[in-house]
Amino acid sequence: MNKINISEKFGLFSEQWTPKILAESNGQLVKIAKGTGELVWHAHANEDELFIVFKGQLTLQLRSGNIVLNAGEMYVVPKGVEHCPKAEPDTHFMMVEPSSTAHTGELQSEVTVAADKQEWI
């Protein structure tokens with residue numbers, strides 16, 4: 001495997017809320033995405049989901065309150081916790097999650113990207 005320049009990878013796509021896979025390690029996928037506005041409320045019954053912000057501001061709306069992440073900050077949404085990511089325009093972030101994690105959990109919507117449609121970049 002060659003080293004990965006994360007900043008360069010963010011420059012290769014413009015889609016919003018569409019995870020791109022960078023690497024796999026011990027059954028965990030390392031993904032990046034861009035976001036603007038809200039995704040959808042969802043939960044992952046069996047998987048924790050780690051978010052790291054590189055640019056902008058990502059708010060992880062939880063039923064118990066909001067977690068606001070700025071560049072350089074991270075948070076792990078525990079399995080089973082319903083959340084709705086909301087991003088300031090052109091926010092760039094990374095997710096680390098088990099390869100079994102469905103994009104929007106059990107919820108299927110027009111923004112859901114199926115696992116077999118998430119491309120390596």
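Over the ring of which residue does the charged end of Lys34 sit? The views below, drawn from a predicted model, take up this contact and the aromatic pairs.

**View 1. The charged end of Lys34 over an aromatic ring.** The ring in question belongs to Phe13, and the charged end of Lys34 lies 5.0 Å from its centre. Phe13 is also a member of an aromatic cluster, together with Phe10 and Phe54.

**View 2. The aromatic pair of Phe10 and Phe54.** This is one of the 4 aromatic pairs that the structure holds. The ring centres of Phe10 and Phe54 are 5.8 Å apart and the planes meet at 55°, so the pair is classed as tilted. Phe10 counts as buried because its relative accessibility is 4%, under the 20% limit. Phe54, at a relative accessible area of 36%, is partly exposed.

**View 3. The aromatic pair of Phe51 and Phe93.** These two rings form a tilted pair, with 6.2 Å from centre to centre and 40° between the planes. Phe51 lies in strand S3 and Phe93 in strand S7 (residues 83-98). The two residues are 42 residues apart, and their pair links distant parts of the chain. Both Phe51 and Phe93 are buried.

**View 4. The charged end of Arg63 over the ring of Trp41.**

Note on methods: Residues numbered from 1 in each chain as written. Predicted model: local features only at pLDDT ≥ 70, side-chain atom pairs only at ≥ 80, totals over all residues. Heavy atoms only, no water. Phe/Tyr/Trp six-rings, centres within 6.5 Å; stacked < 30°, edge-to-face > 60°. Buried < 20%, exposed > 50% of the residue type's maximum accessible area, 1.4 Å probe, protein only. Helix = DSSP H or I, 4+ residues; strand = E, 2+ residues; numbered from the N terminus. Lys NZ or Arg CZ within 6 Å of the ring centre and 35° of its normal.
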